[in-house]
Amino acid sequence: MPLPDSFLQELTQRNPIESLISGYVQVKRRGRNLVGLCPFHGEKTPSFTVYPENNSFYCFGCGAGGDVITFIKRIENLDYRDAVKFLADRAGMKMPENDVDDTMSRLRTRVLEANREAARFFHASLYSPAGIEALDYFHRRGYTDSTIRRFGLGYATDDFNSLRDALRKKGFKDEELTLAFLCARSRRNNSLYDIFRNRVMIPIIDIRGNVIAFGGRVLDDSKPKYINTSDTPAFKKTQNLFALNVAKASAGQQLILCEGYMDVIALHQAGFSNAVAALGTSFTADHARLVARYAKEAILIFDADTAGQKGTQRAIGLLRETGVDIRVVTIPDGKDPDEFIRKNGADRFRVLLERSANDVEYRLIRAGQKYDLSQAGDKVNFLREASEILSELQSPVERDVYAGKLSAQMDVRKDAILQQIQRFAAQKRRQQEKKQLGNLVQKAEGLTAQANPEAKTYPRAAAAEEALLGMLMLHPDRIRRVRETLPPEKIVTAFNRGVYSWLLERDAAGLSVDLIHMAESYSDSEMGYLSRMLRDAQERRESPEELANYERVILQEQQMMHAVDPTELTPEQIQAALKALRDSKK
């Protein structure tokens, strides 16, 4: 059942888009609008724009756009109904009594409920006779009972059916248990069995306190070492960080980024409660943007092996795109944080944090380790690689400082190093500008193709339709001007025809045509397409008379589309077709 218009209007009023988005994105006012770095893709130049006048947002870089509901859906990884509930709770509003969750929302709720009961079951099993070995494993790692309770750690017994039977008794259906990645079907006889068996269990809790997933680790050296929850209606591994629910409150604008669950738990117990980790996957751009939402500085602590160093380099590149300051900790003798703290204590580890190098220093050190700097050829190659690293710095002061350090260390003129840095920077700037321009065009075309695939076949009609729809969304009072002269069946592309019909129906019923009323019916990519129409109309600020021009083009294109045999056209149709062809070439 659709939500009442009055409820959605109040929801918008109580959640002004500028105040909502500024809680997630650092935005600055630019004229009537606000701009900032897009939270949905990595960028260094702000292309994310908030339009308070019509409660919308649009990113020129990736095409994301929509209203407050669309924004919360994407940033919090929620479906439509849960995003509405999120905003209603934020504004102190109650959901309408006749509101009924849709299927996906109900499934997500059941998955979360199953996870909560599973976490309780695993924790109880840990302190049962069957969990003696698992509890001893945690104690051997140095975890206190207080830490075990704090993280809700547990144990999955070596039984194929214990969790399944316990959750069935609580009313969960088999389909819900498989959807939650707690149980699976046997290929042999299709029977349901527990996925997690004979493993210590680490529940993954989101920032709202929901148990959204699990990590299960073996007690010995058998493989696979970890089994992690796959993506479910309640969980996407690339959009969550382990222990962020605790770390966000104590981060102090700084997060420690580790490789695994156990390192994070050890750091929290040692007093470093701002530690987090990716969830069973490599660090991604989504993770980087999540870090940037809660911290201004990230401290990376990855393993010293080849995979760990590659992970560090990857994380540096992704985090740099978000503008977060980066430091890198190198633990002596290749130890991991858990092992180092157990052997040396928290105070020694704190010294490592204080002495950690920033990402530039770390990369320069790593580059220097590849060369024999006593050899002239290696010295030249190192300076070339170092200059390329420093060319990524935006601040002339930073470049000057590091060039001075390199000059002193390598006995090379500082101005020669700076010249090489500037050459690399100019080259990268040209490449980046070309790439950005190509990406903008490609993403704009991709967004249109995804939302309205017929636009490629009928580009002139689609362009006129987009301009007309944008104007009508921006100025609903102009809908009556085209109602009689442009019936919906004359709109050429199917998607735009549906939007146009929706506008006419809403207007005829005296209802609002704001974006927030579209969010339930249209996907995120379609909302981006609609937001672009609205943004373009706002930028053009055209007079009502332009409607006639758009209407004329649409009617011409519709007429040409249905003219199968040119010999059957009337002289007037032929003249109109020729004029349309001439106009399309202008």
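Here is a short chat about the nonpolar cores and salt bridges of this predicted model.

Q: Hi! How many residues are in the largest nonpolar core?
A: That core has 65 residues. I69 and F71 have the most contacts inside it.

Q: Nice, and what does I69 touch?
A: Leaving out residues up to four places away in sequence, I69 touches L8, L11, Y80, A83, V84, L87, I516 and A519. There is also a second, separate core of 62 residues, and L135, M201, V211 and I265 are among its members.

Q: Switching to charges: how many salt bridges are there?
A: The structure holds 35 salt bridges. In one of them, the side chains of R208 and E76 meet at 2.8 Å, N to O.

Q: Where do R208 and E76 sit in the chain?
A: R208 is in the loop between β9 (199–205) and β10 (211–218), while E76 belongs to helix α3 (residues 68–76). They are 132 residues apart, so this pair links distant parts of the chain.

Q: Is E76 buried or exposed?
A: E76 is buried, with a relative accessible area of 9%.

Q: What about R413 and D415, how far apart are their side chains?
A: Those two form a salt bridge at 2.9 Å, N to O. R413 counts as exposed at 54% relative accessibility, and D415 counts as partly exposed at 36%.

Q: Last one: what does K237 pair with?
A: K237 meets D231 in a salt bridge of 3.7 Å, N to O. D231 is partly exposed, with 46% relative accessibility.

Terms used. Residues are numbered from 1 along each chain as its sequence is written. This is a predicted model: local features need pLDDT of at least 70, side-chain atom pairs count only at pLDDT 80 or more; totals for chains, interfaces and linings use all residues. Side-chain values use heavy atoms; hydrogens and water are left out. A nonpolar core is a set of buried Ala, Val, Leu, Ile, Met, Phe, Trp, Tyr and Cys residues joined through side-chain atoms within 4.5 Å. Buried means under 20% relative accessible area, exposed over 50%, partly exposed in between (1.4 Å probe, protein chains only). Contact means heavy atoms within 4.5 Å. A salt bridge is a side-chain nitrogen of Lys or Arg within 4 Å of a carboxyl oxygen of Asp or Glu. Helices (H or I, at least four residues) and strands (E, at least two) are DSSP runs, numbered from the N terminus.
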